[in-house]
Amino acid sequence: MFWIDPAMFLILFCLFFYVFSSNSITVLHRIYLLLHIVFMIWPIFQFVAQTASNTEYQLLFLSISYVGLSLLGIGWFVLTLFFTGQSYVIRKSRLFMLAIPALASVAAIVFNPDGMFLSINDTIASGKQLQHGPLYWVMIGQLLLYVAVSFIIMIYKLRTDESKRHRTLVRTVLIGLMTHLLFSLADLVVNVLFIDYVYRYVPLVSVGMTLTAIYLVHAIGRNKVLDIIQIAQRDVMNTMSTGIIVLDEFDTIIEVNKVIKPIIRLRIGDKLDTATIALTFKDEAAKDFEAFFNEVRNRPMDRVEFELELKNDRFRHIIIQSAPILDQKKAAIGRVLTFQDVTELRLLVEETNRQNVQLHDRNRDLMLMQDELSQANKKLEQMAITDGLTGCYNRRYLLLQLEQEVMMNLKFGISFSIFLFDLDYFKLINDKYGHLVGDEVLCSTVNAVKGALRKTDILARYGGEEFTVYLPHTNREQADIIADLVKEAVESNRVQIGAGEPSISVTISMGVVSIEHFEPSVIDDPKAYLREILAQADAALYEAKYNGRNRIVKRKLA
């Protein structure tokens, strides 16, 4: 087991080099690499401590390894905040406050007062010489505190975050942390609590760190979870119609998009040689190009713009812009050159007639779109006032319509009637045949009722299997006739429920209210009067149900 620690360090070092060399380093990469460096501290100094013959040097190297170990908790916590999209929490003042437990552990390790953190007793067996004091358990406590908070944050994000990318990031960190925690707890049990039975150091923490790093690096490479910014930037640059060249402070090309390549042949890593590039243009264009870059050199901190006229394979007008890239201290660290083809704008005057024709066509298309939108709005309005299943009006529309109608009827003394009916034993149909058959029965019943009503009557679904019919300009005798027609139409209606199955029919119970005479006081509160009418119809309906169903109960309101 003596060679396990250096082997784990070599693996961790190779993984660090692989991540650093094979990725565009983002903030998330930097945060992970910092944690990875802390991983590497433990195995290398554990190995060095084992090879040291002097007790003081052993204690020094072990203390350095434990300093790295004590920083793992805050490292995982910071990694969790960044990977869960909560990096805004980490400011300089807050980070110091959050790191106080870890820094306290580091101080305890460095100063090690009276050996209260770690000591070496070279008078006993080599496997038991390492003695852990009470401050060691304080370090373990702060590590568990950071791990617990990190677990809570990740579990909460997994339950609440709907972003697939964020959930992938969180799962990656969660699995890595769980792997590391399991090996660390196993190391605590084997190398500390039960060292009397094991008699030798078993490098479980080093193995756990290495396996965790292998998993995280594999996840980073497989899912590209940390490359979203670079991928988005590259895709945006390559889909833009504007050519872009990014230079560093030494005029070395560090990025160029696809649009610029047909204009100027450039490669990333080459130095931008303006004199050589100017030779690719003809006549005045070469002189103008050189003059533009002379202006850029004379005004390095300013935005410079110039229009270039090219006459190569075809006539072109190009607007070149140069803008400095500034760091946080407002110092120039590079420059962005943009090339925008404005040829179409310059040729616009010559193509006025063609553009007018296109404008006419677009106006016509716009009118067609407006007509389609108008039709769509009408459909939406119709959907807003109708029941989605049966196609008849919904309760909201009925009540709004009745409020207006009742006011007019009361004002001019016009008779009207209201039916309130529902299907008898409809729940038994749903229970026996299923809700699909129940929906078919509702729709078929609505169609049968519509066939018995007049065009001026309004049928609305009041709720569930309950329906309302408003009959304008209808007295009691007329309402009685229509109510009987509706009841007979429903009763004689047959609903096919499937191949080889007998058809079924339903009956309805109905409450009928007719209003032929009005009191002047009713006009003061028509809404209350409407509620009274519907309450009377509802009472009549329940009376019909109570008396055996499949019947009509009629009432007349003065």
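This report describes selected helices, a surface patch, salt bridges, chain contacts and backbone angles of a predicted model.

## Basis of the description

Because the model is predicted, local features need pLDDT of at least 70 and side-chain atom pairs count only at pLDDT 80 or more, while totals for chains, interfaces and linings use all residues. Residues are numbered from 1 along each chain as its sequence is written, and side-chain values use heavy atoms, with hydrogens and water left out.

Helices (H or I, at least four residues) and strands (E, at least two) are DSSP runs, numbered from the N terminus. Accessible areas come from the Shrake-Rupley method with a 1.4 Å probe, and for residues only the protein chains shown count as cover. A residue is called buried under 20% relative accessible area, exposed over 50%, and partly exposed in between (1.4 Å probe, protein chains only).

The 12 residues of α6 should span 16 Å at 1.5 Å a residue, and the end C-alpha atoms of α6 are 16 Å apart, which agrees; the expected span is 1.5 Å times one less than the number of residues. The buried residues of α6 are Ala-102, Ser-105, Val-106, Ala-108 and Ile-109. They lie on the same side of α6, because they cover an arc of only 160° around the axis, the arc being that of the directions from the helix axis to the C-beta atoms. An α-helix has 3.6 residues a turn, so residues three or four places apart point the same way. Val-110 and Phe-111, on the other side of α6, are exposed.

Phe-96, Met-97, Ile-100 and Leu-103 make a nonpolar surface patch of about 400 Å². The elements that give two or more residues to this patch are α5 (92-98) and α6 (100-111), and Phe-96 lies in helix α5. Patches are made of residues with over 30% relative accessible area and no salt bridge, where like charges are joined within 9 Å and nonpolar side chains (Val, Leu, Ile, Met, Phe, Trp, Tyr) within 5 Å.

## Helix α19

Helix α19 (residues 476-492) has 17 residues, which at 1.5 Å a residue should span 24 Å, and its end C-alpha atoms are 24 Å apart, in agreement with that expectation. The buried residues in α19 include Ala-479, Asp-480, Ile-482, Ala-483 and Val-486, and also among them are Lys-487, Ala-489 and Val-490. At the start of α19, a side-chain oxygen of Asn-475 reaches to within 3.3 Å of the backbone nitrogen of Glu-477.

## Salt bridges

With a salt bridge taken as a side-chain nitrogen of Lys or Arg within 4 Å of a carboxyl oxygen of Asp or Glu, the count comes to 11 salt bridges. Glu-295, Arg-299 and Asp-302 are linked in a network of such bridges. Within it, the side chains of Arg-299 and Glu-295 meet at 2.8 Å, N to O, whereas the closest N and O atoms of Arg-299 and Asp-302 are 3.4 Å apart. Arg-299 is partly exposed at 32% relative accessibility, Glu-295 is partly exposed at 32%, and Asp-302 is partly exposed with a relative accessible area of 36%.

A further salt bridge joins the side chains of Glu-543 and Arg-555 (2.8 Å, N to O). This pair links distant parts of the chain, with Glu-543 in helix α20 (residues 526-546) and Arg-555 in strand β13 (residues 552-557), 12 residues apart. Glu-543 counts as partly exposed at 33% relative accessibility, and Arg-555 is partly exposed with a relative accessible area of 26%.

## Buried residues and their chain neighbours

Ile-253, placed in strand β4 (residues 253-256), is buried with a relative accessible area of 1%. The C-alpha atoms of Ile-253 and Lys-271 are separated by 6.0 Å, although the two residues are 18 residues apart along the chain. Phe-47 is found in helix α2 (residues 27-51) and counts as buried at 17% relative accessibility. Its C-alpha atom is separated by 5.7 Å from that of Asp-5, and Phe-47 and Asp-5 are 42 residues apart along the chain.

## Positive phi angles

Most residues other than glycine have a negative phi. Tyr-425, which is not a glycine, has a positive phi of about 55°; Tyr-425 is found in the loop between β9 (416-423) and α17 (426-433) and counts as partly exposed at 48% relative accessibility. Asn-550 also has a positive phi, near 55°, and lies in the loop between α20 and β13, where Asn-550 counts as partly exposed at 26% relative accessibility.

How values were computed. Polar contact = N/O pair within 3.5 Å; in protein donor to acceptor, adjacent residues only side chain to side chain.
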